[in-house]
Amino acid sequence: MKAVVILCIDNRSKRCKADISLAHSVDRWWFAEREIIPVAVTPYLPIYLANWLKKRLEAQLQSFIIDTWKEADVQSLAAKWVNEAIDQLEPEWREKVQSWLQKSRSATAETVWERHWIEEDAYKILPYIEGRRWLFEHVEKRMKMVGISLRGTEYGNTPMRQYLPHLLQYLYLEEEIELTAGITIEQTNGKIHLRCERCGSEDYGIYLHYCSSCDQEEPVCDTCYVMGTSKGCSLVISRPKPHSNHICEPASQEYELVAPLKWSGEL
Ligand SMILES: [Zn+2]
Ligand SMILES: [Zn+2]
């Protein structure tokens, strides 16, 4: 899964915010209603790199209050901060990020869906994301398995794989779900630390492997691969709190994603 990193100005709170987005076309109408202005948007990056960059920008943004700043100032600051973050990386990681920023599709080139389709369909899929951590692939399979009818796929004749990120992005903006990468990278003093968000493995047990959807080597967790691959570009979806007003449908064993903090099994 790919995501853009956005730097936006919230005109109501006068704050600048960094975030990731799976479908920036959804942000546009959602932001517009809330006086949020997206000032800088990166091209689509694998979600683990988007997450890393978001965290680096957030660190820069602490105590950054838009007062006399103009959009143009924030734009040039964003470019400066992105470059600084990249410069601090070890060379092999630096190359990865740079190559994505050069080759990737931009956020303006994506399909735009009818807003009311997104709103309706998103709340149809929400009950099926209850209760556990899901990999995107498992949600996609589950939607097909239960045969849920979505306006975007039915009338729009779109594969679920393309449409689902738009629904998830809407639910993310509405704070119904949380999104993260299968592997997250932390940067401390220029050193990269890897962590599997599914089984909790850190550094040891995570290796660089070739990923065919990214056509690049990326971190893959070798510890929990029997449950389905958890890698840098895997999207992990979870619901933060129990929401009693939604149906809690138990998932079949096949699609269950266990999310303990530590996985103590042996291979
Ligand atoms: Zn793992
Ligand atoms: Zn990948």
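Strand β1 (residues 2-10) and strand β3 (residues 36-41) run antiparallel and are joined by five bridges. Strands pair if DSSP finds at least two bridges between them. This is a predicted model, in which local features need pLDDT of at least 70, side-chain atom pairs count only at pLDDT 80 or more, and totals for chains, interfaces and linings use all residues. Residues are numbered from 1 along each chain as its sequence is written, while chains are lettered from A and ligands numbered from 1 in the order in which they are written.

Leu 7 has Ala 18 as its bridge partner in β2 and Ala 40 as its bridge partner in β3. Ala 3 stands opposite Leu 45 in β4. Eight of the nine residues of β1 are buried, so the strand is largely enclosed by the rest of the structure. Buried means that 20 or more other C-beta atoms, placed from the backbone, lie within 10 Å of the residue's own. In the protein chain, 37% of the 267 residues are buried.

The protein chain has eight helices and 11 strands; these are DSSP runs, with helices being H or I of at least four residues and strands E of at least two. The axes of helix α2 (residues 47-61) and helix α3 (residues 71-87) come within 10 Å and cross at roughly 120 degrees. Axes are lines fitted to C-alpha atoms, for helices over the stretch in contact, with angles from 0 to 180 degrees between N-to-C directions.

Notes:
Buried ≥ 20, exposed ≤ 12 C-beta atoms within 10 Å, placed from the backbone.
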